[in-house]
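Please read this briefing beside the sequence and the model, which are shown next.

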Amino acid sequence: MATITLPPLLAQLLTPNKRSVIFALKGVISMALALFVSMYLQLDRPYWALVSAVFLQIRPESGLVIEKALCQISGSVVGGGVGILILAFFMPYPLLALASLTLWIGLNSAASSMVHNTNFIYAFAMSGMTAGLVVIMVMADPSAADGRAVFDIAQSRISEIAVGALCAMLVSQLLWPVTVKDSLRLHSRNVINDTLEYLSLELDPNSTHEQRHQLADQILETLVILNDDSSAVAYEGPEGPGRSRAANLLCNKVMSLLAVTQIMGRFPRNHPDLVSPAFGRLLADMRALFIAIAEADSYDESYRQAQELRRALLEHKAAYVDEAAIVTRLSQTAVELVADLVMVLRAYNALENRDQTLLKASKLKTHRDPLIGVVNGFRTAVVFVIGATIWLSTGSQAAIMLMIMPVVFSVMFARFSLVVLTVMLRHLLLGVVVAIPTALFFGLGLLSKSSGDFEMLVLVLAGPFFIGLLALAERPTLPYGLGFCIPFTLIIQPGNHMTFNTEVATSNALGLFVGISVLYWVFKLITPLDGQTMQRRLLKATARDLTAIDFQRRPENWFNGRMGERLLRLANYDQASGNSSRVMTDLGFTGLNIGHMSIRLRRRIKNHRNTAVDAKLAEWQQVLADTYLMSARGTMNSRFREASAGLLRAIYEAKEPDAQTATIEGMFERMALTFERTAKTFHHA
């Protein structure tokens, strides 16, 4: 018997889980409260309070709602202030006012490309939208063209958005609260288990390149989610800031684990002739204990297993006889790996139980590429200019919707890749297509026969909003829900003085549909830069960071923070290209590896540094960065071995070799082998 596969939206609506139902119910209550308060306060356009409340239902965990509400209100205040300034200078000159507004919207879109956290991106979207509402609504009504009226309009827009945000925040806190802490614990547990599995795969001679990369991609994606959520958990009670620091430390130390694991895994695979029997036993014991730690059923057991692994590695290292320098160095690297693993476990425990001894670590930083900002800012400005042109040509009130809402979606979606973005915009447009007849024939059709008071508004609108919010509650169907709820609200425009004018509602619906369609085609025509260009820029940024390591107070945390999202972007570009070899992702991990090796070198020579050593170290660091970029072009830099030998001589001339400096030669050899292998790979690619 043939099975019927339902579309994602229909399957979600017919089989909602308990979590989605709770979130949708809380969303309906939030919107009802926002509508009641805004109508009670006699605000001009209560439906903007509903729009505000809808946006806060995306990831409705308590801490995230508070953070998003603050971002929404602050963005609206800034945008309202800018709208007032634009009108103060250019009210008699409409074209200059629109040009200034276009520039402001483009700048907000460009600035949103410099952050990764969705809530912070939303603040920029609200800043552009509120400025647009203030300027356009004043220009659309010549009778409002005086200072007092301008201020009143700005105040009304900010008040409506603030009411929606505060009502959603209140409901989130009081009714069936769901915390960010719980999702942090879940994501942390998943990323630790994935990392341990990745560690064991790297040391497994039978693992495949594809298996390792799938896990590495999964780890990086989860780390970015953890990093974004770590700022919101700070709003969840007095323990929140401590949990935020613990999440940041966990992300940072997992990056260190990935760096060191790459070192441990690549060496036996690429240089099996250098693996001695004793070192082979060490690697086998490490893999067995990684599996045991992953299978432990409690934090205490995992921590005990990690400490046991550390002792076993120290015993292995102490038993070495006449081992090569590179093997001794890698054995010390294994000990350092376990130390990072212990810190990861402690950070996980601190998400639940306070640990005052944990050090503060840097967040993973967003990779800020001005070129991406320019493209995104220009694209959003084009979307707005098309809407403004239609508005100036027709004078239609519906064109205001065409100008405003596509700008918000353009800013919110700009950070996604073109492949993901195309699917999201199609789903968003489908949600709009469903919202239009639902609003015109169901919503307005029923409301036109009623008194239009608050009770009837809630009774009629609750059902459609509940269905839309069900879709909004799950990531796969989120664009459908967003495309339904926002247009549904803006077409009906519930409030104290509803007109039930079918012609106006139809015109607004057409404006929204055309606006989203324009957005879709602008994104298709003005595409992001090609993957190869962006990959080269990512590698050059990594090389620049390699030369700046010596100037950082806490270089390991700083470098991990810089490399986190950068690695994920390289992985995404590799995936989009369909290149199964994933050489660019490997090169990104190589950059992470050699950065950590450089940091560890500095720790080992801290008692040997003088003017001569510092000069040679600076020269070596620049050669290191140059060699990294040259290996990516398939060329080996012969100067690297020369610079390494010169630095080694300067170190030994400064002070007698000791236990800390004994393995430096092995470190240099391992890095030279890495560069030679990388150059060979790209030479034949």
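The largest nonpolar core has 105 residues, and those with the most contacts inside it are Met264, Met286 and Trp620. A nonpolar core here is a set of buried Ala, Val, Leu, Ile, Met, Phe, Trp, Tyr and Cys residues joined through side-chain atoms within 4.5 Å, where buried means under 20% relative accessible area, exposed over 50% and partly exposed in between, with a 1.4 Å probe and protein chains only. This is a predicted model, in which local features need pLDDT of at least 70 and side-chain atom pairs count only at pLDDT 80 or more, while totals for chains, interfaces and linings use all residues. Residues are numbered from 1 along each chain as its sequence is written, and side-chain values use heavy atoms, with hydrogens and water left out.

- Met264 touches Leu203, Phe279, Leu283, Met286, Leu330, Thr333, Ala334 and Leu337, when residues up to four places away in sequence are not counted; contact means heavy atoms within 4.5 Å.

**Cavities**

- The structure holds 5 cavities of 30 Å³ or more; on a 1 Å grid over the protein atoms alone, a cavity is a set of points where a 1.4 Å probe fits but cannot get out, a pocket is an open set with protein on both sides within 12 Å along at least five of seven lines, and lining residues have an atom within 4 Å of a point.
- Helices (H or I, at least four residues) and strands (E, at least two) are DSSP runs numbered from the N terminus, and H17 gives the most to the lining of the largest cavity, with 5 residues.
- The lining of the largest cavity has 10 nonpolar residues, no polar and no charged ones; Ala, Val, Leu, Ile, Met, Phe, Trp, Tyr, Cys and Pro count as nonpolar, Asp, Glu, Lys and Arg as charged, and the others, Gly among them, as polar.
- The second largest cavity, with a volume of about 50 Å³, is lined by residues that include Lys26, Ser30, Gln57 and Ser172, and its lining divides into 5 nonpolar, 3 polar and 1 charged.
- Helix H7 gives the most to the lining of the second largest cavity, with 3 residues.

**Second largest pocket**

- The second largest pocket has a volume of about 720 Å³ and is lined by 30 residues, of which Arg45, Tyr47, Gln493, Val504 and Asn508 lie nearest its centre.
- H19 gives the most to the lining of this pocket, with 3 residues, and by class the lining has 18 nonpolar, 8 polar and 4 charged residues.

**Cysteines**

- The structure holds 0 disulfides, a disulfide being a pair of cysteine sulfur atoms within 2.5 Å.
- The sulfur of Cys167 is too far for a bond, because the closest cysteine sulfur, in Cys485, is 17 Å away.
- Cys251 is likewise in no disulfide, with the nearest cysteine sulfur, that of Cys71, 19 Å away.
- Cys167 is buried, with a relative accessible area of 7%, and Cys251 counts as buried at 0% relative accessibility.

**Individual residues**

- Ala154 is found in helix H7 and counts as buried at 1% relative accessibility; leaving out residues up to four places away in sequence, Ala154 touches Gly80, Ile84 and Val134.
- Ala154 and Gly79 are 75 residues apart in sequence and 9.0 Å apart in space, C-alpha to C-alpha.
- Asn349, in helix H13 (residues 325-350), counts as buried at 18% relative accessibility.
- Gln42 lies in the loop between H2 and H3 and has a positive phi of about 60° although it is not a glycine; at 49% relative accessibility, Gln42 counts as partly exposed.
- Arg59, in the loop between H3 and helix H4 (62-90), also has a positive phi, near 55°, and is partly exposed, with a relative accessible area of 27%.

Methods: Points joined across faces, edges and corners; volume = space filled by probe spheres on them.
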